[in-house]
Amino acid sequence: MRTENDDSQLLEKALAKDNAAFAELVRRYRDPVYGLALRMTRSEADAAEVTQDAFLAAYRHLSEIRTDQAFGAWVHRIAANQALMKLRHRKVVANVEAPLPTPEFNERGSLVEEVADWNPTALEQSLDAELGKAISHAADELPEEYRQVFLLKDVEDLTYEQIAEITGDSVPAIKSRLHRARLAMRAAIDRFYLERE
Amino acid sequence: MNTCKDTLELLRGYLDGDLKPDERTALEKHLGACSPCVDFLNQYKRTPSLCKKALAAKMPRELADQLDAFLKKHLANE
């Protein structure tokens, strides 16, 4: 089983210019870093480029990593930054985004929507695969600023402060977007289960 | 008393422990009397873990090989 110590030992070796140690760190973290980049950019080509650039930047700035920092979390933040830069570059052609789904209430403010049963069924495995597709599609449909915050907080487990540092947005703005994004993702999952009832 | 709408608006703050004591009390009072909101809260809580599992991606082999080649080339010149 891998431990943080294993990573820190590899990091020490990589700092001493042991490229094989750095290659091992890349091998360990390339999938989650690529996954984050893919979800953020929604493009395989951009995600591959972000992943390359993130690891190259990590190598060049290895001496800046604090001894109490985990390499994985650090390289994820670099990748998130790289992906955001790419997205800002791409924003020249802005796309029109649909409004985010929100819960439905009556005039007295009471919840009126039907809520599905999310408990796994006997068809759990095939349901998992289909649910995965529905979630993936819903994440891709989130407006960019909401998707970024949702991915960085709920998928990558970054803190609000780390996200604020990366995006340049305020923590209250990030918290508000996260709530809207979670509501939209919850609605997508609920819709998936309702359609199968 | 809080409505469902008021309650659902505060869910993130509730789960993060960000609410003021009176907001938390009002929310919990509403939850104590509203099972649809309890169901909604449970779904809201489960959403991140379901998404984390679903959004995990593996780098395609071809791209992983390209990454290796790219880094080998650049690291040799550093």
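This is a predicted model: local features need pLDDT of at least 70, side-chain atom pairs count only at pLDDT 80 or more; totals for chains, interfaces and linings use all residues.
Reader: What box do its C-alpha atoms fill?
Author: Taken along the principal axes, the C-alpha atoms of chain B fill a box of roughly 65 × 25 × 15 Å. Among the contacts in chain B between residues at least 6 apart in sequence, 54% join residues at least 24 apart.

Reader: How many positive and negative side chains does chain B have?
Author: There are 13 positive and 12 negative side chains in chain B, and the centres of these two sets lie 5 Å apart. As for its surface, chain B exposes about 4,500 Å², of which carbon and sulfur atoms supply 52%.

Reader: Switching to the nonpolar cores, which residues have the most contacts inside the largest one?
Author: Those are A:Phe22, A:Phe55, A:Phe71 and A:Phe150, in a core of 71 residues. Helix α2 of chain A, residues 19-41, gives the largest share of this core, with eleven residues.

Reader: What is A:Phe22 in contact with, leaving aside its neighbours within four places in sequence?
Author: Its contacts include A:Phe55 and A:Phe71, and B:Leu75 of chain B is also one of them.

Reader: Is A:Gln148 buried or exposed?
Author: A:Gln148 has a relative accessible area of 9%, which is under 20%, so this residue is buried. A:Gln148 lies in helix α6 of chain A, residues 144-155, and, not counting residues up to four places away in sequence, it touches A:Met40, A:Leu84, A:Leu87 and A:Thr167.

Reader: One more topic: which value does phi of A:Lys17 take?
Author: Phi of A:Lys17 is near 70°, a positive value in a residue other than glycine. Most residues other than glycine have a negative phi. A:Lys17 is found in the loop between α1 and α2 of chain A, and at 59% relative accessibility it counts as exposed.

Reader: Where is A:Asp157?
Author: A:Asp157 sits in the loop between α6 and α7 of chain A. A:Asp157 has a positive phi of about 60° although it is not a glycine, and its relative accessible area of 51% makes it exposed.

Note on methods. Residues are numbered from 1 along each chain as its sequence is written. Chains are lettered from A and ligands numbered from 1 in the order in which they are written. Side-chain values use heavy atoms; hydrogens and water are left out. Contact means heavy atoms within 4.5 Å. Accessible areas come from the Shrake-Rupley method with a 1.4 Å probe; for residues, only the protein chains shown count as cover. Lys and Arg count as positive and Asp and Glu as negative; His and the chain ends are not counted. The place of a charge is taken as NZ of Lys, CZ of Arg, CG of Asp or CD of Glu. Helices (H or I, at least four residues) and strands (E, at least two) are DSSP runs, numbered from the N terminus. Buried means under 20% relative accessible area, exposed over 50%, partly exposed in between (1.4 Å probe, protein chains only). A nonpolar core is a set of buried Ala, Val, Leu, Ile, Met, Phe, Trp, Tyr and Cys residues joined through side-chain atoms within 4.5 Å.
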